[in-house]
Amino acid sequence: IGPGDTPELLGSEIKAPKTPPTQQNAAGVGGSIQMATKNFGAAVGYTPYGFLVSNITARLRWPPSNGPFTFSFSREAIKDSQLSYSGLRDPASISSSYAGNIWGGVMANSFELQFGKSMGNSGFYLSGGGEYITGKHVETNHRIDGDVGAYWRVWAVPEEGHLTVGVNLFGMHYAHNLTHFTYGQGGYFSPQAYMLANLPFTWEGQYERKWHYRIAGAFGIQGFQEDSSPYYPLDPVLEAKSNYLTYAAQTVVGGNYNLSGEASYHIGSSWYVGGFTNLNNTLNYNNQTAGFFVRFLFRPQHSSEQGPSGLFPYKGLRPFMVP
């Protein structure tokens, strides 16, 4: 049964639609404006213009007196799927005179409090937060989560790099399972219980001053449990027509990996070029990301062993100083 399809009932049997729904695509241009200092960071933007569902995004980071506490607020799109990110049209509602019902475009309105302490070559952190999650004709959801961990610099090679290893434990809970893709579902990973225990590592290095790179990863074990979920959580009529179909509950335990890399080359006094990649199965699917960048800084940069490296994070708020 495809997204939004109303199955035809034959007694207790369900007859699948005769033809699969037409493939839908999404493309657009989005952006954000950021401002960051040592004790404050803020951003405002929008999801790509051209999506079926458009939304305003925002981020706020505030570490009073530069820590150890950090308060974070955000309104961000959930990018697990095309449905959750851009929205889809319900194939069952499309007709010659109507383009079809739109649903999806899910936004997570989040708050997090983190306590972190760095002691030179080691440190630890503890955080907790919550989310209020909404979307166009998507059931409202809530999430709570917590994270705790520690790290140690265990090896350093002068003029080459250093290795940091750690331990991490993360857990989260969603009020509703909206993982699926029928009309009213959200298309994003939302288990009722999720636990992750892993061992992260990071190698940060440089080669002949102009090349800087970072290789990071984590290996561990994850488990999650999902409740059963109705096909049409917001539409009692469709639920009745479908004979109150539900997606089955499930419990999954397995290995976890998360690998990423980024490299930057200083090609001129104000220019950097480079690329990044990420591979992980941290949710209930495998994810691969790759990209490149060209960066221009108004103030000329002078390469050294300590930096600047040009390795800006490609997610979240950018650092106040050139890293």
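## Exercises on strands, salt bridges and loops

The side chains of Glu-76 and Arg-59 form a salt bridge, with 3.8 Å from N to O; a salt bridge here is a side-chain nitrogen of Lys or Arg within 4 Å of a carboxyl oxygen of Asp or Glu. Glu-76 belongs to strand E6 (residues 69-77) and Arg-59 to strand E5 (residues 56-62), so this pair links distant parts of the chain, 17 residues apart. Strands (E, at least two residues) are DSSP runs numbered from the N terminus.

The model is predicted: local features need pLDDT of at least 70, side-chain atom pairs count only at pLDDT 80 or more, and totals for chains, interfaces and linings use all residues. Residues are numbered from 1 along each chain as its sequence is written, and side-chain values use heavy atoms, with hydrogens and water left out.

**Exercise 1. Find which residues are linked with Arg-295 in a network of salt bridges, and say whether Arg-295 and Glu-262 are buried or exposed.**

Step 1. A search of the whole structure finds 5 salt bridges.

Step 2. One of them joins Arg-295 to Glu-262, with the closest N and O atoms 3.8 Å apart. Arg-295 lies in strand E18 (residues 287-296) and Glu-262 in strand E16, so the pair ties together parts that are 33 residues apart in sequence.

Step 3. Arg-295 counts as buried because its relative accessibility is 15%. Glu-262 is buried, with a relative accessible area of 9%.

Step 4. The network of salt bridges links Glu-204, Arg-214, Glu-262 and Arg-295.

Step 5. Another salt bridge is formed by Asp-145 and Arg-143, whose closest N and O atoms are 2.9 Å apart. Both Asp-145 and Arg-143 are buried.

**Exercise 2. Locate the nonpolar surface patch and find which element gives the most to it.**

Step 1. Patches are made of residues with over 30% relative accessible area and no salt bridge; like charges are joined within 9 Å, and nonpolar side chains (Val, Leu, Ile, Met, Phe, Trp, Tyr) within 5 Å. Accessible areas come from the Shrake-Rupley method with a 1.4 Å probe; for residues, only the protein chains shown count as cover.

Step 2. The members are Val-29, Ile-33, Val-44, Tyr-46, Tyr-49 and Ile-56, with about 700 Å² of accessible area together. E3 and E4 are the elements that give two or more residues, and E4 gives the most, with 3 residues.

Step 3. E3 (residues 29-37) and E4 (residues 40-49) run antiparallel, joined by 8 bridges, and form a hairpin with 2 residues between them. Val-29 stands opposite Tyr-49 in E4.

Step 4. Ile-33 lies in E3; its relative accessible area is 64%, so Ile-33 is exposed.

**Exercise 3. List the backbone features at Pro-68, Glu-208 and Arg-209.**

Step 1. Gly-67 and Pro-68 are joined by a cis peptide bond, with omega about 10°. Pro-68 lies in the loop between E5 and E6.

Step 2. Glu-208 is not a glycine, yet its phi is positive, about 50°. Glu-208 lies in the loop between strand E12 (193-207) and strand E13 (211-226) and counts as exposed because its relative accessibility is 61%.

Step 3. Arg-209, found in the loop between E12 and E13, has a positive phi near 70°. Arg-209 is exposed, with a relative accessible area of 51%.

Notes
Two strands pair if DSSP finds at least two bridges between them. Helices (H or I, at least four residues) and strands (E, at least two) are DSSP runs, numbered from the N terminus. Buried means under 20% relative accessible area, exposed over 50%, partly exposed in between (1.4 Å probe, protein chains only).
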